[in-house]
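Please read them alongside the model.

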Amino acid sequence: MDDCIFCKMSQKKIPSRIAYEDSSLFAFYDVHPQAPIHILITPKKHIARIYDLHPPEGLVLSEMIFLANQLAKENKIDKNGYRLVINCNPEGGQTVYHIHLHLLGGRDMKWPPG
Ligand code: 5GP
Ligand code: ZN
């Protein structure tokens with residue numbers, strides 16, 4: 001997608017702080033972190049929403065989760081814990097329409113708090 005910010009980031013057309021990259025995945029640090037560790041894990045292939053994910057593409061979701069686990073370990077949040085989030089559509093909180101898995105940790109993520 002020509003006007004997709006996350007496609008442009010994985011294609012290095014705009015800069016990002018890269019956490020991981022291989023032939024199918026691209027992970028980078030969120031520009032407005034909601035936790036001390038906040039990484040976005042994306043497929044390089046443009047898929048707009050989790051709702052658009054169909055069985056032939058389903059494998060990429062498990063690849064994204066395995067990578068999140070690996071990055072949690074590398075960032076030393078695996079033992080204390082972390083949260084994985086995928087937002088879908090406006091009321092789901094999605095603002096960028098290229099599937100991304102949020103990896104959040106480094107603080108108490110319990111919600112609602114208290
Ligand atoms: P969503 O709300 O769609 O689930 O998450 C989009 C995320 O992308 C937000 O947390 C937002 O801070 C992040 N984001 C938006 N634009 C950029 C950008 O240009 N660079 C980086 N690193 N993150 C971005
Ligand atoms: Zn895209």
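1. The zinc ion (ligand 2) is coordinated by C4 (SG), C7 (SG), H46 (ND1) and H98 (ND1), at 2.0 to 2.3 Å. Donors here are N, O and S atoms within 2.8 Å of the metal (3.2 Å for Na, K and Ca), and water is not among the atoms, so sites may look incomplete. Along the chain, these donors follow the spacing C-x2-C-x38-H-x51-H.

2. This is a predicted model, in which local features need pLDDT of at least 70, side-chain atom pairs count only at pLDDT 80 or more, and totals for chains, interfaces and linings use all residues. Residues are numbered from 1 along each chain as its sequence is written, chains are lettered from A and ligands numbered from 1 in the order in which they are written, and side-chain values use heavy atoms, with hydrogens and water left out.

3. The site of the zinc ion (ligand 2) is tetrahedral, with angles of 106 to 116° among its 4 donor atoms; four donors count as tetrahedral if all angles lie between 85 and 135 degrees.

4. C4 is buried at 7% relative accessibility, and H98 is buried at 1% (buried means under 20% relative accessible area, with a 1.4 Å probe and protein chains only).

5. F6 and F28 form an edge-to-face aromatic pair, 5.1 Å centre to centre with 70° between the planes (ring centres of Phe, Tyr or Trp, its six-membered ring, within 6.5 Å; planes over 60 degrees apart are edge-to-face, under 30 stacked, the rest tilted). Both F6 and F28 are buried. F26 and F28 form a tilted pair, at 5.7 Å and 35°.

Definitions and conventions: Buried < 20%, exposed > 50% of the residue type's maximum accessible area, 1.4 Å probe, protein only. Tetrahedral: all angles 85-135°; square planar, octahedral: opposite > 155°, others 65-115°.
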